[in-house]
Amino acid sequence: MDLAKEEPQSAPRTIHLRDYQPPAYRVETLDLHFELDPKRTRVRALLVVERSAGDQDTPFHLDGHSLHTLSIHLDGEPLHADRYILDAERLDILAPPARFTLETVVEIEPDANTALEGLYVSSGMFCTQCEAEGFRRITWFPDRPDVMARFTSTLVADRTHFPVLLSNGNPVDQGELDDGRHWVKWEDPFPKPCYLFALVAGRLVCQEDRFVTASGREVALRIYVEPANAHKCDHALASLKQAMRWDEQTYGREYDLDIFMIVAVDDFNMGAMENKGLNIFNSACVLVSPDSATDGDYYNVQSIVGHEYFHNWSGNRVTCRDWFQLSLKEGFTVYRDQEFSADLNSRPVKRISDVNVLRNHQFAQDAGPMAHPVRPDSYMEISNFYTVTVYNKGADVVRMIAHLLGPEGFRKGCDLYFERHDGQAVTTDDFVRAMEDVSGVDLGQFRRWYEQAGTPRLGVRSEYDARTREYRLTLEQSCPATPGQPHKKPFHIPVAMALLDTEGNILARQVLELRDDTETFHFPDLAAAPVPSLLCEFSAPVKLAVERSDPELAFLFGHDPDPFNRWDAGQQLALNQLLRLITSLEQKQPLQLPEDFVTAYRATLTHPDLDPALIAQALSLPAESYIADQCTLVNPQAIHEARQFMRRELAQGLKDELLAGYLANQDDTPYVFSAETMGRRALKNLCLGYLMELEEPGPLEHCLQQFRAGHNMTDVLAALGMLADYDLPERAEALNQFYDQWQQDPLVVDKWFGIQAGSRLEDTLGHVQALMRLPAFKLTNPNKVRALIGRFCAGNPARFHAADGSGYAFLADQVLALDEINPQMAARMVASLSRWRQYEPGRRALMQAQLERIQRAPQLSRDVYEIVNKSLVD
């Protein structure tokens, strides 16, 4: 029964939501038995199956991939060849009884699995990644999320090499074998889809803690890592306990097993995976220590640990019916982890950070060839739809529901959703219906946020009638065409707003609900024309189109009581100036920055009452990628030069204030992770970054002192990143010194790679290619690929978009090489070429040529084919 491996498809089949059919068979239990060996692992799977639809002529369909099938038994008897259909990806059992057992035995090759889906080996350790369709690489099974079974897993392995054997649920038995192997049996009492299955085996140490639930039950908390990383678990354990308590207090959700486990893995395509009771984490998302991790690392670990834990209810206990419903679990859980982080840290800074993700990445996706609704209509490869639209826009859709229902109504809706659908695989409609049923709010029109792609444009007009003392605000919505959706119906948009007087005091505040294409809202009895503060806290993921003068934006930048809108006014003020500078560059006119702009920035920098973290955000200029999205035709070089000119002018105009800000926020005390200390470090390093633009001896000496002092990794990396942007002798010295010190720590080496890939020096591509030849770089490791190739191609637009097209050719080379190893990573990399049509003609032609080159490659994976094909289709 040996099967050939899957032949890559040149024209993959498109899967449509409209074709969904419930499973014809229900799997009650799945008993797995693994004999683990890196070269050839044997998997026996025993399924108890019952027909739930159709008749005896309905085949029982199972999925597989790269499986060497040894035997198939039905009800304990070998199955004759005329009773089944078997090919590379399908096993159909023909005319099975209404209830039966099916046993298959297969062999797989974990050591050769570079795709990192299913069961594979990372740093000598067995681990799994089954979402979305990796379980089919382990054994034959109906690999779809609406087939939920109770799993029992027995793991057998050599005790010397694999002393720790882990799987989902609780351990119920274990023993020794005469040949030096041992075994552990795990039982998960809760039905789950196969994408939540997990297995880990290796030489690991355990850091342990305890958590007592609100009902008084004790839960063992365990983090398994390689011995060298044992000291890097404390923050993850503390974050886990914070998340468990927060979920009890905020959503009334308790943990339901006796053990909660996390395992850190070096080779992992994603950030982390919420497998029931056994979360598997990319090591970059769980391991931190003060000497080797930054504020950003600590923040991300707290957030990601929370996210994966919250999935225990929003994703595991209640899961998605099909992969089109992915945002049901991911959008909801991202919203939950955003609120968790906001409660534990700075809420305004968290909201600004989340909106930056939307504006810099999700809005761009909405405007490109891969635009899709939060609930997609179709896909070729589901891995391509783990996107900022499904996750981050999906979270903002949930946030809008919370706005419309209010805190109490939203909590009641969540309670009903969990209680009504516990143990079920459901849809986004089921989630919205629970919100409607408890609140009485009609969300029928609101469902279009799940169904329609694109970023709505919100036009604003206003007028004040001094005679009647009435202010009128007219809102008009539209949404551009996206692939497959040329015409859009009006959305239901919550617009949180306030009216301000000339001192910034609030005259009126409410949430407007825009349902029609155009609506006018009336505000009576106002003594003078107010200043509107619109989309407070960014209450809807839309593009605001409102004519505002620079003085009005400067007023809001200095006085808006809503922290998000205050920041946003400064961003729009800077963007207006940047677009003028870009025009001047393209027309070869002199560049000027108005003194009023510098004055507005000075007022924010020196404001005595503002949070340092908010000041740091406010003085950070819009990203080059976001500026590009505001241009009709993108000229990356002009964008880069305009932004650099603005940074230099601000540095010159605010030199004294920036130096004062840098010195005032110095701190050589031991590292502490807190909102206050993070904010001070952020402002200090922002000030130093501006001062370095002056290319003067003073700032350079401060930068070198900060790097050499090594008080914490946040400050060291900030200084090193600044040095990496300048062609100075100290640059090479610092980079070499850093590598010599940290070459044994892969996560820190990734930061070293990323800093050099993001350098604005003109020869950065050559440096990246040289770094790829180092033993520390491995194309098979996703973290290394993201740090070096991903950072250069997606995070360094000035150098990636070199006019000669060398960056595009480099990326195409890497995509083709990666596609043979890890198609998921290749697909994520190629996305940097997908919006080629928005660039000026020279670069556009060069990007198109590389996409066509990739498209012509033989045996292209489904992952890459889908993105390249959609990018090239007119």
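Of this protein's 874 residues, 59% count as buried, meaning under 20% relative accessible area with a 1.4 Å probe, protein chains only. Keep in mind that this is a predicted model: local features need pLDDT of at least 70, side-chain atom pairs count only at pLDDT 80 or more, and totals for chains, interfaces and linings use all residues. Residues are numbered from 1 along each chain as its sequence is written, and side-chain values use heavy atoms, without hydrogens and water.

Overall picture, then. The protein has 26 helices and 32 strands. Those are DSSP runs, numbered from the N terminus: helices are H or I, at least four residues, and strands are E, at least two. The radius of gyration is 28 Å, close to the 29 Å from the globule rule for 874 residues, so the protein is as compact as a globular protein of that length. That radius is taken over C-alpha atoms, and the rule is 2.2 Å times the number of residues to the power 0.38. Along the principal axes, the C-alpha trace spans about 85 × 65 × 60 Å.

Pairing here takes at least two DSSP bridges between two strands.

Look inside the sheet. β20, residues 259-265, runs parallel to β22, residues 278-282, and five bridges join them. Val265 has Asn282 in β22 as its bridge partner.

Notes
Buried < 20%, exposed > 50% of the residue type's maximum accessible area, 1.4 Å probe, protein only.
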